[in-house]
Amino acid sequence: QVKARAVSLRLFRATPPFLLPRAILRALARMTCMGFFAPGLITGSLCWLALACVATFVQNMLFVKETPKITLAESRQLGLIVVWISMTCMWLFWAFVYMHQLVPLIYPVHTPVLE
């Protein structure tokens, strides 16, 4: 069934649009990729932004201190740089993995169950 679906999708892509029935055209239009505006990507990005704001608050409250070699303002600035660069890197890694799962490069091939 999966193999038949993959073959049928290849045939649909090869067939000119004016030869396809309207129902099939509507189904193919729903299958289009939403790209950067996929709902899961937007929701996840907002969650990462909220986590970055919480991490900024925690850093300002708990990890800013003055030492003989660094002032209070420099400590706060260094903490902000560390928090936001690390959160940006983690968000990018998450987004790349999420988007890769949206459009996989290799589809699984299922073999029939032997009884």
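Guide: The buried residues of helix H4 are Ser-75, Gly-79, Val-83, Met-87 and Ala-95, where buried means under 20% relative accessible area, exposed over 50%, and partly exposed in between (1.4 Å probe, protein chains only). Helices (H or I, at least four residues) are DSSP runs, numbered from the N terminus. The model is predicted: local features need pLDDT of at least 70, side-chain atom pairs count only at pLDDT 80 or more, and totals for chains, interfaces and linings use all residues. Residues are numbered from 1 along each chain as its sequence is written, and side-chain values use heavy atoms, with hydrogens and water left out.

Helix H4 covers residues 72–102, 31 residues in number, and its end C-alpha atoms are 45 Å apart.

The buried residues of H4 pack against H3. In helix H3 lies Gln-59, which counts as buried because its relative accessibility is 5%. Leaving aside residues up to four places away in sequence, Gln-59 touches Val-64, Ser-75, Arg-76, Gly-79, Leu-80 and Val-83; contact means heavy atoms within 4.5 Å.

By contrast with this buried residue, Phe-36 is exposed, at a relative accessible area of 63%. Phe-36 is placed in the loop between helix H2 (22–30) and H3.

Terms used. Helices (H or I, at least four residues) and strands (E, at least two) are DSSP runs, numbered from the N terminus. The expected span of a helix is 1.5 Å times one less than its number of residues.
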